[in-house]
Amino acid sequence: MSRYANNPEAIRNLIRPTEVHRDVYIDQEVFELEMKHLFANTWVFVGHESQTPNKGDYFTTEIGTQPVIMVRHSDNEIYVLHNRCPHKGTKIAIDRTGNTGKFFRCPYHAWSFKTNGCLLAIPLRKGYKDTGLEESESVNGMAPVGAVKNYRGFIFARLNKEGPDFESFFGEALSSFDNMVDRSPEGRLEVAGPPLRYMHRCNWKMLVENQTDTCHPMVAHESSAGTAIDLWEKMDKPEGTQKPMAMEVIAPFMSPYEFFENMGIRTWPNGHGHTGVHHSIHSDYSAIPGYYEQMVEAYGEERAKAILGENRHNTVYFPNIMIKGPIQQLRLFTPIAADKTLVESYIYRLVGAPDMLLERTAMYNRMINAPTSMVGHDDLEMYERAQEGLHSDGLEWVNVQRLYQEGENFDEIAVENGTTERQMRNQFHAWEKYMTMTMEGDAQ
Amino acid sequence: MKAPTRDDLIDFVYEEARMLDDGRFDEWLDLWTHDSYYWMPLDYNQEDAKHVTSLLHEDAFMRKLRVERFKGERTFSQKPKTRCHHVLNRPFIDHMDEEKGEYVTHTAFHYVETRLDDQILLAATARHELKLIEGKLKITHKRVDLLNSDAAFGNIQMFL
Ligand code: FES
Ligand SMILES: [Fe+2]
């Protein structure tokens, strides 16, 4: 029996000021409504333009659970099309990347489409003469998504035709993307290799919440970061030996609570927010020779200092990505089912910057976010235990109360103590909004 | 050992896998030279270990850290512990240079890892670069290519 479809009241009742009902994580009907409403009403990350540098280059991915193709058309613009033949539904492309030339050709009956989706040709077309094909949906070719935006190379799409525009949805949150891209002396990023792909048996929102959960690193990651510090201290080494890159990456995970409290959290409207307002675990990396000089050359000293002085930790773009500006990483949390999420971790090259920066970025990605990562293992362990634990009938509500203040207004930008769970509450506030936005329309 | 025979090289590769299966990690760490790397690429035929992501690219410090972490009291994803099991094809000897004491082997194998009710099976190929140092064979580089390195995995906890 359906409990939540067309029932915005029931959806709203899942979210309280300081707690959320377990159904937001474990109920498959809620999950399907997220796909239908939340992932259709919001701007969702698709890919980076450097993944399709040439005309006809395409990349297949999902927006929520919707298969789509991102493709560079002959006008050099990037289009996002539903990956479904308008004839009988066959997926047009199934390899992750490729070049299709001037048109897509369906492998089943050879209908063909321009790279903007328009129907180009049907073999033996006379068979459709006087059948009214012109009035069918199929004649329009591969359906485009509702709207596409290329923001400084990052491609976002909104599935619904109507909805919030890109700028008002993200607003000032885009400053984290700006900082990441500005770190290239040329103001340009390029994807570096394929992403890590890590399957999680938990709800996608657990991953998103964990991005601003600053009270877990020193606990869950003690086994890796704490052990690393111990080993390094006990190691026989000449006085003043410089910490290897790997230690610089992993050791800050063991920073004490005050460090995380003082680093601050900023929340923006619509569920976006970031940790590391004042400093972060990325602040104390060693300088890479030559890089600062390149930045000064490109931007002037004052501006270069401002760009490099901003060391935001994790920025969450609601609903399902996180970026790390100082190390040029983007993690995409793609929902598959209420209890299944694919995490893909991408890294980018700062065009024009020394390779050594990319070396650190690649090291961070594999050390922290790989399925073989000593750090990632303990995160996943916690998510999976939570996904299982939530089925316990002992309690039905999940607590997100830390540093709650009466009358919080999520439409206002706020900077708070770095251990607040305000950003999680902010996400659920946005969740409720975008879940019910089109539901009420259904009911009318 | 003076110059290792083909059988010595093959025995070495088998013995290494057995150490991992038996959980004799400290012995296993001693098989490596101090500047060696364990590399598991992410991409099919990947050539660059540093500027694109790999699954693993671990020096002596990182290998030691992984082993110490296994033993740790607060290693939650290792409560209970993972166990592993290797089935090796007979290694090919790809290169023997007795003068320099350098050897390369190529070994196809199946690897099983288990914890609680989960069990995964991976097909992989290992390329060992070995060197004879003070009469003992040591690993200078080990590359492990997973057949499905580009697939989405859950946790892979141990060294393959
Ligand atoms: S299904 Fe695509 S052409 Fe028939
Ligand atoms: Fe974590």
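This report walks through a few helices and single residues of a predicted model.

Let us start with helix α14 of chain A, which covers residues 374-389. Its 16 residues reach 23 Å from the first C-alpha to the last, close to the 22 Å expected at 1.5 Å a residue. At the start of this helix, a side-chain oxygen of A:Ser373 comes to within 3.0 Å of the backbone nitrogen of A:Val375. Which residues of α14(A) are buried? They are A:Met374, A:Val375, A:Gly376, A:His377, A:Asp378, A:Asp379, A:Leu380, A:Glu381, A:Tyr383, A:Glu384 and A:Gln387.

The buried residues here are B:Leu9, B:Ile10, B:Phe12, B:Val13, B:Glu16, B:Ala17, B:Met19 and B:Leu20. What covers the buried residues of α1(B)? The cover includes α2 (25-29), β3 (83-88), β4 (92-97), β5 (102-115), β6 (118-133) and β7 (136-146) of chain B. Just after α1(B), B:Gly23 takes a positive phi of about 75 degrees.

## Helices in pairs

Two packed helices are described by the angle between their axes and the distance between the axes.

Helix α14 of chain A returns here, packing with helix α3 of chain B (residues 60-71). Their axes are 11 Å apart, at an angle of about 30 degrees. Angles under 35 degrees count as roughly parallel, and α14(A) and α3(B) are therefore roughly parallel to each other. On the α14(A) side, the contact is made by A:Met374, A:His377 and A:Asp378. The α3(B) side brings B:Met62, B:Leu65, B:Arg66 and B:Arg69. Sorted by class, this contact has three nonpolar, one polar and three charged residues. If you look back at α14(A), A:Met374, A:His377 and A:Asp378 are also among its buried residues.

The next pair sits within chain A: helix α3 (residues 28-41) and helix α15 (residues 422-436). Their axes come within 8 Å and cross at roughly 85 degrees. Angles of 65 to 115 degrees count as roughly perpendicular, so α3(A) is roughly perpendicular to α15(A). From α3(A), the residues A:Val30, A:Leu33, A:Glu34, A:His37, A:Leu38 and A:Asn41 meet A:Trp431, A:Tyr434 and A:Met435 of α15(A). By class, six residues of this contact are nonpolar, two are polar and one is charged.

| Residue | Relative accessible area | Class |
|---|---|---|
| A:His21 | 9% | buried |
| A:Asn270 | 11% | buried |
| A:Asn399 | 47% | partly exposed |
| A:Cys106 | 2% | buried |

A:His21 is part of strand β1 (residues 19-21) of chain A. Leaving out residues up to four places away in sequence, A:His21 touches A:Leu14, A:Glu396 and A:Trp397.

A:Asn270 belongs to the loop between β14 (265-267) and β15 (273-275) of chain A. Its side chain makes a polar contact with the side chain of A:Lys433 at 2.8 Å, and another with the side chain of A:Tyr434 at 2.7 Å. You have met A:Tyr434 already, as one of the α15(A) residues that meet α3(A). Beyond four places in sequence, A:Asn270 touches A:Ser168, A:Phe169, A:Phe318, A:Ala430, A:Lys433 and A:Tyr434.

A:Asn399 lies in strand β20 (residues 397-399) of chain A. The side chain of A:Asn399 makes a polar contact of 2.9 Å with the side chain of A:Gln401. With residues up to four places away set aside, A:Asn399 touches A:Thr18, A:Glu19 and A:Glu421. From A:Asn399 to A:Gln242 there are 157 residues in sequence and 42 Å in space, C-alpha to C-alpha.

A:Cys106 is found in the loop between β7 (103-105) and β8 (112-114) of chain A. Not counting residues up to four places away in sequence, A:Cys106 touches A:Cys85, A:Thr90, A:Ile92, A:Trp111 and A:Phe113. A:Cys106 and A:Ala93 are 13 residues apart in sequence and 8.3 Å apart in space, C-alpha to C-alpha.

Conventions:
Residues are numbered from 1 along each chain as its sequence is written. Chains are lettered from A and ligands numbered from 1 in the order in which they are written. This is a predicted model: local features need pLDDT of at least 70, side-chain atom pairs count only at pLDDT 80 or more; totals for chains, interfaces and linings use all residues. Side-chain values use heavy atoms; hydrogens and water are left out. Helices (H or I, at least four residues) and strands (E, at least two) are DSSP runs, numbered from the N terminus. Buried means under 20% relative accessible area, exposed over 50%, partly exposed in between (1.4 Å probe, protein chains only). Contact means heavy atoms within 4.5 Å. The expected span of a helix is 1.5 Å times one less than its number of residues. A polar contact is a pair of N or O atoms within 3.5 Å; within protein, one must be able to donate a hydrogen and the other to accept it, and residues adjacent in sequence count only if both atoms are side-chain atoms. Axes are lines fitted to C-alpha atoms, for helices over the stretch in contact, and angles run from 0 to 180 degrees between N-to-C directions. Angles under 35 degrees count as roughly parallel, over 145 as roughly antiparallel, 65 to 115 as roughly perpendicular and the rest as oblique. Ala, Val, Leu, Ile, Met, Phe, Trp, Tyr, Cys and Pro count as nonpolar, Asp, Glu, Lys and Arg as charged, and the others, Gly among them, as polar.
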